[in-house]
Amino acid sequence: MPQKQRSKSWTELKQAGNESFKTGQYGEAINIYSLAIKELEKCNKKEPEDLGILYSNRAASYLKDGNCAECVKDCNMSLELFQFNVKSLLRRATAYEALERYRLAYVDYKTALQIDCNIAAAHDGTNRMTKALTEADGLSWREKLPPIPAVPMSVREKLAQKAQANAAPPNAAPTQNGTQQTSKPALSDKDVKKAQLLKEEGNSLVKKGEHKKAIEKALCYVSVKQYRDAIRDCDEALMMDSRNIKALYRKSQAYLGLKDIRACEDSINVLLRVEPNNCSAMKLLEEAHRK
């Protein structure tokens with residue numbers, strides 16, 4: 001008798017679904033993700049986030065296949081299992097927008113921006129929904145919105161750490177377009193002491209909610225090449241006000257210092273959407289293009 005073929009694990013099915021999605025075979029991807037969901041649900045030690053990601057992946061396939069209603073259903077399931085998953089929020093927002101459910105789309109776009117204020121798609125979506133709702137309901141459109149959930153700081157930090165962990169392996173040199181970068185030059189003892197003092201002062205200001213002063217500290221961080229600390233302080237300020245010009249500019253400078261050109265350009269583009277004629281931002285963008 002022929003040997004029975006081993007059934008695939010949910011991780012193998014997930015990978016196969018990803019491959020089908022990449023090649024544009026969305027119907028096939030939906031079927032494979034459905035099998036992966038069934039396999040994972042059988043597991044005794046299943047993690048809710050893993051199941052949430054599978055539902056989110058299937059939602060993306062439904063969205064590409066033009067089935068927005070099923071996309072919304074899967075995103076709802078995903079967000080129950082993996083609260084504030086940015087991909088699920090953006091996919092649901094896109095589906096709601098296609099279904100002309102603009103208020104719900106607006107809420108999802110704004111929720112995503114609480115988690116990461118540099119998501120260009122969320123900024124663009126918010127602007128589109130604002131225009132559509134103003135045309136439909138006039139200047140009082142905000143009064144008809146459902147409540148926008150507040151994303152706790154603990155959740156934002158957890159998601160940021162997860163994103164950073166997935167970006168590069170531990171102890172590996174950062175990469176830019178797949179090319180490993182050389183490590184940055186060592187700082188002098190004077191700069192190290194200055195950076196440590198700045199870090200303590202910056203942490204204190206952030207805890208007190210004095211974000212304007214924290215942004216000025218970010219400039220000092222840039223001067224001693226402590227770029228990630230600068231980005232952190234700017235992010236804290238942008239959580240309070242996503243349109244803060246100084247925070248967006250300092251953050252762009254820090255990304256340029258890290259030679260993360262794409263992130264620098266994204267940050268500048270967000271700034272220019274807020275203030276289109278900002279000359280300093282335009283110059284910084286030109287400098288980034290020359291890198």
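Contacts between residues 24 or more positions apart make up 55% of the chain's contacts with a separation of 6 or more. The model is predicted. The chain contains 14 helices and 2 strands, and 41% of its 291 residues count as buried.

**Surface**

**Helix 2 and helix 3**
- Helix 2 spans residues 26–42 and helix 3 spans residues 48–64; their axes lie 9 Å apart at an angle of about 165°.
- Angles over 145 degrees count as roughly antiparallel, so helix 2 and helix 3 are roughly antiparallel to each other.
- Their crossing is left-handed.
- On the helix 2 side the contact includes Tyr-26, Ile-30, Tyr-33, Ile-37 and Glu-41, and on the helix 3 side it includes Asp-50, Leu-54, Arg-58, Tyr-62 and Lys-64.
- The residues of this contact comprise 11 nonpolar, 3 polar and 4 charged.

**Helix 4 and helix 5**
- Helix 4 (residues 68–81) packs with helix 5 (residues 86–98) at an angle of about 150°, the axes being 9 Å apart.
- Helix 4 and helix 5 are therefore also roughly antiparallel to each other.
- The crossing of helix 4 with helix 5 is left-handed.
- Helix 4 contributes Cys-68, Cys-71, Val-72, Cys-75, Asn-76, Ser-78 and Leu-79 to the contact, while helix 5 contributes Ser-88, Leu-89, Arg-91, Arg-92, Ala-95, Tyr-96 and Ala-98.
- By class, the residues of the contact between helix 4 and helix 5 are 9 nonpolar, 3 polar and 2 charged.

Key:
Residues are numbered from 1 along each chain as its sequence is written. This is a predicted model: local features need pLDDT of at least 70, side-chain atom pairs count only at pLDDT 80 or more; totals for chains, interfaces and linings use all residues. Side-chain values use heavy atoms; hydrogens and water are left out. Helices (H or I, at least four residues) and strands (E, at least two) are DSSP runs, numbered from the N terminus. Buried means under 20% relative accessible area, exposed over 50%, partly exposed in between (1.4 Å probe, protein chains only). Contact means heavy atoms within 4.5 Å. Axes are lines fitted to C-alpha atoms, for helices over the stretch in contact, and angles run from 0 to 180 degrees between N-to-C directions. Angles under 35 degrees count as roughly parallel, over 145 as roughly antiparallel, 65 to 115 as roughly perpendicular and the rest as oblique. A crossing is left-handed if the near helix is turned anticlockwise from the far one by less than a right angle, and right-handed if clockwise. Ala, Val, Leu, Ile, Met, Phe, Trp, Tyr, Cys and Pro count as nonpolar, Asp, Glu, Lys and Arg as charged, and the others, Gly among them, as polar.
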